[in-house]
Protein chains: 2
Amino acid sequence: MATIDDVARTAGVSTSTVSYVLSGKRPISAPTRARVERAIEKLGYRPHAGARALASARTNVIALMAPLRVGVSVPVIMQFVAGVVTRARDFDHDVLLLTQDDVSGLDRVTGGSMVDALVMMDIEADDPRVPLVAAAKQPTVLIGLPQDPEGLSCVDLDFEAAGRLAVRHLAQAGHADVALIGSPPEVLRRHTSYAERMMRGLRDQARSSGVTVKVEACDSSPAGAATAVDALLSTAPDTTGIVVHNEGALPHVLARLAERGLVVGTDMSVVAVCPRDVALSQRIPMTSIDLPAEDIGKVAVDMVMARLEGEQPSETRLLAPVLTERDSSAPGPAADVG
Amino acid sequence: MATIDDVARTAGVSTSTVSYVLSGKRPISAPTRARVERAIEKLGYRPHAGARALASARTNVIALMAPLRVGVSVPVIMQFVAGVVTRARDFDHDVLLLTQDDVSGLDRVTGGSMVDALVMMDIEADDPRVPLVAAAKQPTVLIGLPQDPEGLSCVDLDFEAAGRLAVRHLAQAGHADVALIGSPPEVLRRHTSYAERMMRGLRDQARSSGVTVKVEACDSSPAGAATAVDALLSTAPDTTGIVVHNEGALPHVLARLAERGLVVGTDMSVVAVCPRDVALSQRIPMTSIDLPAEDIGKVAVDMVMARLEGEQPSETRLLAPVLTERDSSAPGPAADVG
DNA sequence: CCGGATCGTCGAAGCGGTTCAACACGCTAG
DNA sequence: CTAGCGTGTTGAACCGCTTCGACGATCCGG
């Protein structure tokens, strides 16, 4: 591999000049720049990342900590990841991937100066990683909200608003009894905050819209979905509107409703909270509140980069939910008959 | 951040001694080692990754190039990734994540010495990335097979054997007319080799088992699956055994079969080629040939690490397929009646 | 015609590790 | 008693790049 000295020699300039051509931090005359660039081209020179990191205290790498295994729905994770990686490239950064459970990885990458910044997904209410990154010298952005987001940078969908929006949509369509089929019990147990925020919004809006709301936790398996649907329909048989906030369970919920002879979009209105493509790949196109995972990932990177440049203060950003009506929801019992 | 010199000073030794304590490359007496370790502990010292990379020409990072977007099924990708990341940690390496389409990323990370080695997923027959990594100084392992794997390291499921196994299973169960519902057309168009290897094995075994085999490409959408099923059943109405090699389409294929009044596991035997958990989360537990994505990822890392240590020659490893009988396959028309 | 900016370039000092040759020391063998 | 050896430790060179202070040249106004 050619070094910067090789380039300098073949261009007939000093190494610092080459460095300045590369970084643009000092003015270089056009002819000199041209000679240097020709030399770089000719030698196929690539700056050594380690040397650069050592000298400049910048790695141009950000760490992304993602849950590679359980619970959270896989397509959603991938979209977050895709968003983060592509946006990072826009800032000329690469992404180092850490798994959620590798808590010591935080120390490793921050303490070892392997990365300039961190993005962490799937934050729990009382997340053990939060104090660690708060102590790190690298800025961090959390995807999801911990108990106390004070002084931290966070992004997420505004699930509380999403809950309100879903209920408002159903209530306005004339549904008087609605339900949530939500996250698996273990997610609730971990107090992943989105589930709780969702429920809060749901209940708020139910109260002010004057509708009843029943909540069922739901395993992502076919059996779990069946159990939840059955439980719901036996304890709240008047339910005509369901919000499903569980991508994994969604197809199985729909299957169970069908098995019980309920036609979604006619007998039962269903609003899904999930990524657009998941909503579109069900047996019928689902009315849904989009979970813009890729966008959230991108925003996370934008925020972390902002903090890396200027000394932006930390902030938490909640993205407004958007509901798209498709074929799975329809007017309910109390609807004005046009 | 404390440096190695700080540690040396507080331990009362030279920096090289600290370095040797850390690396174990020279014998250090117990008392000295203890003093150094205490100092490290006390100062919370972490070696600077960049400095280390510069001096040792080793980054302890491997690059993983994964398709973060289309085509290939998302859960499978995640399992590959999870396998790679966890196994990399066993070798004290971290993972830098590149997207498939970021071809220039290869140059960047190899030329810039950002990584010690590479793992690339989703290799196509005539993959443009192959010549690039072949020219790189870092060893590379491909997940999937290019046209000519000569001189390259590759891992994959032995799809040809999987095809044979699937047909043999169905043929032995008494099915005389079988079919493949396979990858989306665009995957075939890219000549991703697994699809072709699968078909080859399928046809080979069909010939020697004396059964007919019909092949349908299949989009992963509900509509695509319906089209494929309908086409199959109209052009080959005698089909009683289907191999589905398309995780995304699998649920929709099953749904369409049900819509047409065919009971899977009775009227129609279906063998899925997919990860175990996908097979288990369908409407009924599927007889399947496991696609051990996580294992493949791990093997890829093992191979790449082996090449990093000794000067192992490159090799290609095909994992033997395993078929697990569950509820979606049953004896067919020609079965001996017990 | 001179003093002082301005512009472009350079030299050298780090950045924080690894590693090699060398050395001090206490032993054993001759 | 000395030559020779192994063990444990050290000093210093080096890895490839960034960046700061300085310097020569050119240009301006006075």
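Let me begin with the DNA, and with the elements that face it: the surface near DNA strand D takes at least two residues from each of α2 (15-23) and α4 of chain A and α2 (15-23) and α4 of chain B. Please keep in mind throughout that this is a predicted model. Among the contributors to this surface, α4(A) gives the most, with 5 residues.

In all, 28 residues surround DNA strand D, and the closest of them are A:Ile4, A:Tyr20, A:Arg26, B:Thr17 and B:Thr32. If we sort the surface near DNA strand D by class, we find 13 nonpolar, 10 polar and 5 charged residues.

Which parts of DNA strand D lie within 4 Å of the protein? Of the atoms in that range, 58% belong to sugar or phosphate, and the rest belong to bases.

Let us look at some of the bases in detail. The side chain of A:Tyr20, which is also among the closest residues, has an N or O atom 2.6 Å from a base nitrogen of DNA strand D. From chain B, a polar side-chain atom of B:Ser16 is found 3.1 Å from a base oxygen of DNA strand D.

Now I would like to turn to the empty spaces inside the protein. Rolling a probe the size of a water molecule over the atoms shows where empty space is left. In this structure there are 5 cavities of 30 Å³ or more, and the largest cavity has a volume of about 250 Å³. It is lined by 16 residues, of which A:Val61, A:Met114, B:Thr59, B:Val61 and B:Met114 are the closest to its centre. The lining of the largest cavity has 10 nonpolar and 6 polar residues, and no charged ones.

The second largest cavity has a volume of about 60 Å³, and its lining includes A:Leu180, A:Met198, A:Glu216 and A:His245. Here α10 (193-209) and β7 (212-216) of chain A each supply at least two lining residues, with the largest share, 3 residues, coming from α10(A). By class, this lining divides into 7 nonpolar, 3 polar and 1 charged.

Staying with chain A, let us move to helix α12 (residues 250-259), where A:Leu250, A:His252, A:Val253, A:Leu254, A:Ala255 and A:Leu257 are buried. What covers these buried residues includes β6 (177-181), α11 (222-235), β8 (241-244), β9 (269-274) and α13 (276-280) of chain A. Just after α12(A), you can find A:Gly261, which takes a positive phi of about 80°.

I will finish with one residue of chain B. Is B:Thr287 buried or exposed? B:Thr287 counts as buried because its relative accessibility is 0%. This residue is found in strand β10 (residues 287-290) of chain B, and its side chain makes a polar contact with the side chain of B:Ser329, at 2.8 Å. Leaving aside neighbours within four places in sequence, the residues in contact with B:Thr287 include B:His169, B:Val270, B:Leu323 and B:Asp327.

Key
Residues are numbered from 1 along each chain as its sequence is written. Chains are lettered from A and ligands numbered from 1 in the order in which they are written. This is a predicted model: local features need pLDDT of at least 70, side-chain atom pairs count only at pLDDT 80 or more; totals for chains, interfaces and linings use all residues. Side-chain values use heavy atoms; hydrogens and water are left out. On a 1 Å grid over the protein atoms alone, a cavity is a set of points where a 1.4 Å probe fits but cannot get out, and a pocket is an open set with protein on both sides within 12 Å along at least five of seven lines; lining residues have an atom within 4 Å of a point. Grid points are joined across faces, edges and corners, and a volume is the space filled by probe spheres set on the points. Ala, Val, Leu, Ile, Met, Phe, Trp, Tyr, Cys and Pro count as nonpolar, Asp, Glu, Lys and Arg as charged, and the others, Gly among them, as polar. Helices (H or I, at least four residues) and strands (E, at least two) are DSSP runs, numbered from the N terminus. A residue is near a molecule or strand if one of its heavy atoms lies within 4 Å of it. A polar contact is a pair of N or O atoms within 3.5 Å; within protein, one must be able to donate a hydrogen and the other to accept it, and residues adjacent in sequence count only if both atoms are side-chain atoms. Buried means under 20% relative accessible area, exposed over 50%, partly exposed in between (1.4 Å probe, protein chains only). Contact means heavy atoms within 4.5 Å.
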